[in-house]
Amino acid sequence: MATSTALNIITPTDIRKSGPHWIKRWKQASIIIGGGILFLMILMAILAPLLTTYDPTLQDLDNRFSLPFWMEGSSPEHLLGSDHLGRDYFSRLIYGSRISLGIGFSVVIFAAVIGTSLGLLAGYFGGKVDMLISFLITTRLSLPIVLVALAAVALKGASLTTLVTVLSLLVWDQFAIVARSSTQAIRNNEYIRAARATGASHLRIMLRDILPNLRSTLIVIATLEMANVILLESALSFLGLGVRPPTPSWGLMIAEGRDNILFDPWLIALPGGMLCLLVLAVNLFGDGLRDVSGARIKR
Amino acid sequence: MFRFFLKRLFVALLVALAVSSISFSLAYLSGDPAIAIAGAGGSDKDAELIRQLYGFDRPILVQYVDWVGLALQGNLGTSYYFNMPVSQIIGERIPVTLILGTVSFVVAMLVGLPLGILAALKPNGLLDRMVLLIAVSGQAVPSFWLGLILIVVFGVWLNVVPISGAESWTGFILPVVVLSYYAIPALMRLMRASMIEVLQTNYVRTARSKGLGMPTVILRHALRNAILPLVSVAAVQLGILLSGSIVIESVFALNGLGRLAWESLLRSDLPVVQGIILILSLIYVLLTTLADLINAWLDPRIREA
């Protein structure tokens, strides 16, 4: 990828040739469907204590592996059955959304701040600053992200803070790449030069005149990166080096259900299904936003 | 060309150096590596002994220079767990990862490129939308979960492939399917976008107006130019496939680098982890550098820029 190829994006100027009518409808629909599911998930995460009476970490070893409601011999107490420690699966699934969404949102916010600042500086000042920051981006892209995240979490000791810090330090690259090239595209515009002429400071120009122009593009990147982060968290937790038990994380639940995959495949099907649904919703939302905002970002 | 080559090589070397210092400094994330090795039951005396044995009592910069110097000679240190040279352990495990990565890459290219071309023929057509829809929804599926589901369906229920291990080539079928599945959308989207652009150029119109059929125009005229931007993305994808197999290897119990890295992390075998991170990063740097050079060779406009 390196400097010459990685750091180019297609500028938002050429508006996609509009297709048939139903395609525009589909784009709008994907925002509504994606946004709707996302909204419901957020609601579920916030209202978790109201939706279930079970503590998601409460063990009940007498009632291990209760079956979910659609299977024969299920118990009425546990709607979606219980896991290998007798914990209520329904409430673990509900509380799991807190981990995915919480980590997703916080990592993306930190990563956006890091990446956008770097990208703005590189694009605005150019020259040596740009060389240095482009070098940072290339270095970051060269690192195997899952492995470095795993190693850092394993060595630093797994906690939510560590997880968020490590992931934030690893996923800022897209923000930086896009902010850099967008800034380059507009830094010589009339109004920027006018601002300079009136004596505005560099910082002020970057924050007040350039940043607002990047807003819609950055929001799209943030959505798409959030999907990425949610998947990363689940992979780390699946490998036992992310969220620690007994905290309910969907990735961790898949790992725990894995030992019983032959007899109770629903134990992995349910948390996996939730993950797919959430990530799909975020992706649909982001894709729709991108098409509507006219920001054409290579993926 | 030669100047471009040198410049590109210089950047690659710098990146390699930066990557090496990052994987080196991982040892210090936990604070004192000697205490980490001594473990919870270790006394101060044990830690002191380990510090001297592994040279942790020297200044960090000296340790780093030492580590890089040895790494340049192919010596990545000694595994705490196996008590064997790290390079030897990595050498034993790397073939599985390389096979898995490259086969998945070839499969992804063979599926992604034709799909991209077909989608480009009728942008926003039914096939195009279908393919994009599948790509978007497919990206939402966690790879390890897809792997487990495939194991249940094809390994347990249908019993057509082994559920784990790589004793025979059939053990590679599911991992390759899963890995290539995630590389296809990126390749396909880019092929599509690039092909759409090329199909609008004048020389394609000329070729068409000469009465050439669409297959000839695409294969003989358009593809050569449309494939240019793919070189770098393909290199990136191959790099991601090689380093991304860590999750897949542990799902399918394949004895590659990824699984080795994971196991080494669980038993705090740091030199092995550092070695693997270094090797994978270097492979990535090598691939992207090669891609840039190939691009410059294919397209003179790049090397003059």
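## Chain B overall

Helices (H or I, at least four residues) and strands (E, at least two) are DSSP runs, numbered from the N terminus. By that definition, chain B has 14 helices and 0 strands, and its pattern along the sequence reads α-α-α-α-α-α-α-α-α-α-α-α-α-α. This is a predicted model, in which local features need pLDDT of at least 70 and side-chain atom pairs count only at pLDDT 80 or more, while totals for chains, interfaces and linings use all residues. Residues are numbered from 1 along each chain as its sequence is written, and chains are lettered from A and ligands numbered from 1 in the order in which they are written.

Along the principal axes, the C-alpha atoms of chain B fill a box of roughly 85 × 60 × 30 Å. A residue is buried if 20 or more other C-beta atoms lie within 10 Å of its own, exposed if 12 or fewer, and partly exposed in between, with C-beta atoms placed from the backbone. Of the 305 residues of chain B, 42% count as buried. Two residues are in contact if their C-beta atoms, placed from the backbone, lie within 7 Å. Among the contacts in chain B with a separation of 6 or more, 72% are between residues 24 or more positions apart.

## Where the chains meet

The contact between the chains takes 43 residues from chain B and 44 residues from chain A. On the chain B side, the elements that give two or more residues are helix 1 (2-25), helix 6 (126-138), helix 7 (143-157), helix 11 (228-251), helix 12 (257-266) and helix 13 (270-298). Helix 13 of chain B gives the most, with 10 residues.

For the make-up of this side, Ala, Val, Leu, Ile, Met, Phe, Trp, Tyr, Cys and Pro count as nonpolar, Asp, Glu, Lys and Arg as charged, and the others, Gly among them, as polar. The side of chain B that touches chain A has 30 nonpolar, 11 polar and 2 charged residues.

## The nonpolar core

A nonpolar core is a set of buried Ala, Val, Leu, Ile, Met, Phe, Trp, Tyr and Cys residues joined through C-beta atoms within 7 Å. The largest one has 164 residues, and those with the most contacts inside it are Leu147(A), Ala149(A), Leu150(A), Ala151(A), Leu187(B) and Ile276(B). Helix 10 (residues 202-238) of chain A supplies the largest share of this core, 17 residues.

Leaving aside residues up to four places away in sequence, Leu150(A) touches Leu236(A), Leu239(A), Leu241(A), Trp262(B) and Leu265(B). In helix 7 (residues 160-170) of chain A, the buried residues are Leu163(A), Val164(A), Val166(A), Leu167(A) and Ser168(A). These buried residues pack against helix 4 (89-125), helix 6 (145-156) and helix 10 of chain A.

## Two helix pairs

Axes are lines fitted to C-alpha atoms, for helices over the stretch in contact, and angles run from 0 to 180 degrees between N-to-C directions. Helix 5 (residues 86-121) and helix 13 of chain B pack at an angle of about 60°, with their axes 10 Å apart. Angles under 35 degrees count as roughly parallel, over 145 as roughly antiparallel, 65 to 115 as roughly perpendicular and the rest as oblique. Helix 5 and helix 13 of chain B are therefore oblique to each other. Val86(B), Ile89(B) and Ile90(B) of helix 5 meet Pro271(B), Val272(B), Gly275(B), Ile276(B) and Ile279(B) of helix 13. The residues of this contact divide into 7 nonpolar, 1 polar and no charged.

In chain A, helix 4 and helix 12 (residues 266-293) pack at about 35°, with axes 11 Å apart, and their crossing is right-handed. The contact joins Tyr89(A), Leu93(A), Gly96(A) and Ser100(A) of helix 4 to Leu270(A), Pro271(A), Met274(A) and Leu278(A) of helix 12. Its residues are 6 nonpolar, 2 polar and no charged.

## Backbone exceptions

Most residues other than glycine have a negative phi, and most peptide bonds are trans. Ala253(B) has a positive phi, near 55°, and lies in the loop between helix 11 and helix 12 of chain B. Ser268(B), also not a glycine, has a positive phi of about 55° and is found in the loop between helix 12 and helix 13 of chain B. Ala253(B) is partly exposed, with 14 other C-beta atoms within 10 Å, and Ser268(B) is partly exposed, with 16.

In chain A, a cis peptide bond with omega of about 5° joins Pro245(A) and Pro246(A). Pro246(A) lies in the loop between helix 10 and helix 11 (250-257) of chain A.

Note on methods:
Left-handed = near helix turned anticlockwise from the far one by under 90°.
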